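Got your viewer open and your selection tool ready? Here is a walk through the model, one stop at a time.

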Amino acid sequence: MTEPLETLITTDPALAGNILANAGIVIFPTETVFGIGASAYNEEACRKIYTIKNRPKDNPFILHISNLDRIKELAILKPEHQELISVFSPGPITYILPKKDEKLFSSGLPTIGLRIPSNPLAQKMLEHSNLPIAAPSANLSGKPSITRWEDAREVFKGKVNAILIGEQSEIGMESTVINLSTSPPVLLRPGGISFEELKFYLPDLKLGAEINTELILSPGLKYKHYSPECVVIAVPKLPQIEELNAGQIGFELNVKMGLNLKINNNQEYMKNLYSFFIDCEKKGLEKIYCELPKNDNLKETIMNRLEKASEV
Ligand code: TXA
Ligand code: MG
């Protein structure tokens with residue numbers, strides 16, 4: 001057992017950046033979900049994150065940077081991908097690229113994932129640290145990602161050096177991950193930016209499932225993900241019979257259950273699904289009914305998380 005740490009809880013992104021620059025581990029808000037970060041040049045600090053999260057050691061971290069110029073310093077970028085990157089970043093998207101700077105922590109891989117978050121607090125923190133920050137989502141491995149700082153405090157107080165307070169994550173699900181190091185490029189994880197939007201700038205983009213080669217699969221894809229303790233059940237229509245040991249989230253609620261969340265569109269669905277999972281878990285509910293998402297360009301992302309959360 002390691003000694004509990006003093007966890008500083010702060011609203012100051014400059015202070016959070018300084019803690020990262022001094023080998024600390026910091027939980028911080030982003031527009032997708034909260035991250036748990038350390039300097040990507042500090043292997044020891046990065047390895048601690050695996051232990052804190054109980055994360056499989058072969059699952060690499062995304063490196064977070066504050067601006068586009070940094071991408072070219074850290075990775076090899078093809079000229080034909082520059083426009084795509086300037087259109088979608090800063091934002092909820094991660095690019096897998098060949099690593100240029102050998103000193104970066106990449107779990108032994110020749111590639112790195114790079115993301116420029118748009119959240120202003122994350123931006124300020126990254127600028128102040130003046131470092132690429134390696135950060136997986138701030139949740140215990142296999143559990144739903146965290147979108148509210150209070151949930152991060154509950155799980156990680158005493159285990160990290162600081163938590164940067166921010167608003168609930170605006171998007172609420174993890175970034176889209178695309179592998180630009182392969183030919184053709186491959187969408188590894190659907191997220192806040194849809195396949196259709198990307199196709200316009202990247203016509204040869206393929207879905208991971210279409211390719212099916214071990215080599216280009218993301219290490220993270222083989223692990224169980226996003227599951228609360230409760231059984232998650234995706235349904236075309238929410239139940240008509242009351243069950244007090246169940247929660248329900250959807251567009252049309254028919255009866256009252258133990259916890260109820262009505263959403264109006266897929267955007268609200270994305271923003272609130274993980275926090276709803278956590279609320280149901282805290283209430284000790286046994287099941288969560290989730291109505292299938294609406295048929296728009298966010299459907300794939302929500303379905304992906306619902307499928308993973310309902311796997312047993
Ligand atoms: O929105 C997000 O992406 C959040 C916030 C904090 O930025 N981060 C996040 O990190 O979701 P994580 O570690 O939970 O998911 C990162 C995914 C994993 O599936 C991992 O395998 C994949 O990205 N990944 C990272 N580096 C990779 C690489 N070099 N090659 C292939 N996949 C990689
Ligand atoms: Mg994660």
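Start with P90, which sits in the loop between helix 4 and strand 5. Keep in mind throughout that this is a predicted model. Show the backbone here: the peptide bond joining S89 and P90 is cis, with omega about 0°.

Which other peptide bond is worth a look for its cis form, with omega near 5°? Go to S183 and P184: the bond from S183 to P184 is the one. P184 belongs to the loop between strand 9 and strand 10.

Select both strands: strand 9 and strand 10 (residues 186-189) pair antiparallel over three bridges, and V177 stands opposite R189 in strand 10. Now show the side chains of strand 9 (residues 176-179). T176 and I178 point one way, V177 and N179 point the other, and all are buried.

Strand 5 runs parallel to strand 9, with four bridges joining them, and I96 stands opposite N179. Strand 5 is also joined to strand 6 by five bridges, this time antiparallel, and there Y95 stands opposite L114.

Now for the inside. The largest nonpolar core has 46 residues, and I27, I36, L84, Y95, L114, I178 and L198 are those with the most contacts inside it. Elements that each supply at least two residues include strand 3 (35-39), helix 4 (82-88), strand 5 (93-98) and helix 7 (195-201). Helix 2 gives the most, with five residues. Pick L198 and show what surrounds it: leaving aside residues up to four places away in sequence, L198 touches L84, F88, I93, T176, I178, L187, I193 and L205.

There's a second, separate core of 23 residues, and C230, I249, F251 and L306 are among its members.

Then select helix 9 (residues 266-282). Its 17 residues reach 24 Å from first C-alpha to last, close to the 24 Å expected at 1.5 Å a residue. Even so, look along helix 9 for a kink of about 45° centred on N272. Buried or exposed, what is N272? N272 is buried, as are Y269, L273, F276 and F277, among others in helix 9. The cover over the buried residues of helix 9 includes helix 6, strand 12 (231-235), strand 13 (246-250) and helix 10 (299-310).

N54, in the loop between helix 2 and strand 4, has phi near 60°, a positive value in a residue other than glycine. N54 is exposed, with a relative accessible area of 63%. S107 is not a glycine either, yet its phi is positive at about 55°. Look for S107 in the loop between strand 5 and strand 6; S107 is partly exposed, with a relative accessible area of 22%.

Terms used. Residues numbered from 1 in each chain as written. Chains lettered and ligands numbered in written order. Predicted model: local features only at pLDDT ≥ 70, side-chain atom pairs only at ≥ 80, totals over all residues. Heavy atoms only, no water. Core = buried A, V, L, I, M, F, W, Y, C linked by side-chain atoms within 4.5 Å. Buried < 20%, exposed > 50% of the residue type's maximum accessible area, 1.4 Å probe, protein only. Contact = heavy atoms within 4.5 Å. Pairing = 2+ DSSP bridges. Expected span 1.5 Å × (residues − 1). Bend = angle between axes of the 7 residues up to and from the residue.
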